[in-house]
Amino acid sequence: LTQAVIAVVAASALFIYLAVQLNPLCGMLSPLALLWIYGYSYAKRFTMLAHHMLGFALGIAPVGAYLAVTGAWSTPWWALVVLALGVTFWVAGFDVIYALQDLEFDREHGLHSIPAALGSSRAVALARGFHILAFALFLALYWIAAFDLGVLYLAGLAVMAGLLVYEHVVIGGGDTARLDLPRIDRAFFKANIAVSLSIFTFTLLDRLIS
């Protein structure tokens, strides 16, 4: 435990130092990012929205990348908020699916999650809703035009939509009796790795060509 504490303190200090070296805005926001990530570690003890806390912890990563490059907030200001929320609901959706396998454990140990609170079928229905919302938010980034995204970005979103549909076809209606680790693995790991890589690749190509 002592080694873990030392590692966390040292890494946190290095993180803040390097953020300050990037630009003043990154330096000011870096402690808030750390506090949010620290808080997520305890989220399942007090809220079933732990999935969204994890999602937002990852959602602020592309925001941080934008600020690191530009040193300033986006115009319009809510463009980066939409980006963060898109990642938040995408991650929350697949984290709910992942949490299906911990449903009984969470209930037994008093931990909070959407599957533990609502059951597997309702949890899967919510995960679908989260992914629909995530897709809508990523599509909104195109219409906002804050990041000068083009047709190839839309092609990446089409691939993302197909992968998310596949993910939910694999899971089905959330019947835990029909779920096994290989199906969770295909839905949680493989599909979402492909989602992130496709969005990255198509967006990068879009920017390079434009």
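**Close-up A. Lining of the largest pocket in the predicted model.** The lining counts 22 residues. P62, L83, L149, I199 and T203 lie nearest the pocket centre. The volume of this largest pocket is about 700 Å³.

**Close-up B. Helices around the largest pocket.** α3 (50-70), α4, α7 (120-144), α8 and α9 (181-209) each contribute at least two lining residues. α9 gives the largest share, with seven residues. Sorted by class, the lining holds 18 nonpolar, three polar and one charged residues.

**Close-up C. The second largest pocket.** Its volume is about 540 Å³. Its lining is made up of 22 residues, and L29, A33, I60, V63 and G64 lie nearest the centre. At least two lining residues come from each of α1 (2-22), α2 (24-40), α3 and α4. The largest share, eight residues, belongs to α3. The lining of this second largest pocket has 20 nonpolar and two polar residues, and no charged ones.

**Close-up D. Packing of α4 against α8.** Helix α4 spans residues 78-99 and helix α8 spans residues 151-171. Their axes lie 12 Å apart, at an angle of about 20°. Angles under 35 degrees count as roughly parallel, so α4 and α8 are roughly parallel to each other. The crossing of α4 past α8 is left-handed. On the α4 side, W90, F94 and I97 make the contact.

Technical notes:
Residues are numbered from 1 along each chain as its sequence is written. This is a predicted model: local features need pLDDT of at least 70, side-chain atom pairs count only at pLDDT 80 or more; totals for chains, interfaces and linings use all residues. Side-chain values use heavy atoms; hydrogens and water are left out. Axes are lines fitted to C-alpha atoms, for helices over the stretch in contact, and angles run from 0 to 180 degrees between N-to-C directions. Helices (H or I, at least four residues) and strands (E, at least two) are DSSP runs, numbered from the N terminus. Angles under 35 degrees count as roughly parallel, over 145 as roughly antiparallel, 65 to 115 as roughly perpendicular and the rest as oblique. A crossing is left-handed if the near helix is turned anticlockwise from the far one by less than a right angle, and right-handed if clockwise. Contact means heavy atoms within 4.5 Å. On a 1 Å grid over the protein atoms alone, a cavity is a set of points where a 1.4 Å probe fits but cannot get out, and a pocket is an open set with protein on both sides within 12 Å along at least five of seven lines; lining residues have an atom within 4 Å of a point. Grid points are joined across faces, edges and corners, and a volume is the space filled by probe spheres set on the points. Ala, Val, Leu, Ile, Met, Phe, Trp, Tyr, Cys and Pro count as nonpolar, Asp, Glu, Lys and Arg as charged, and the others, Gly among them, as polar.
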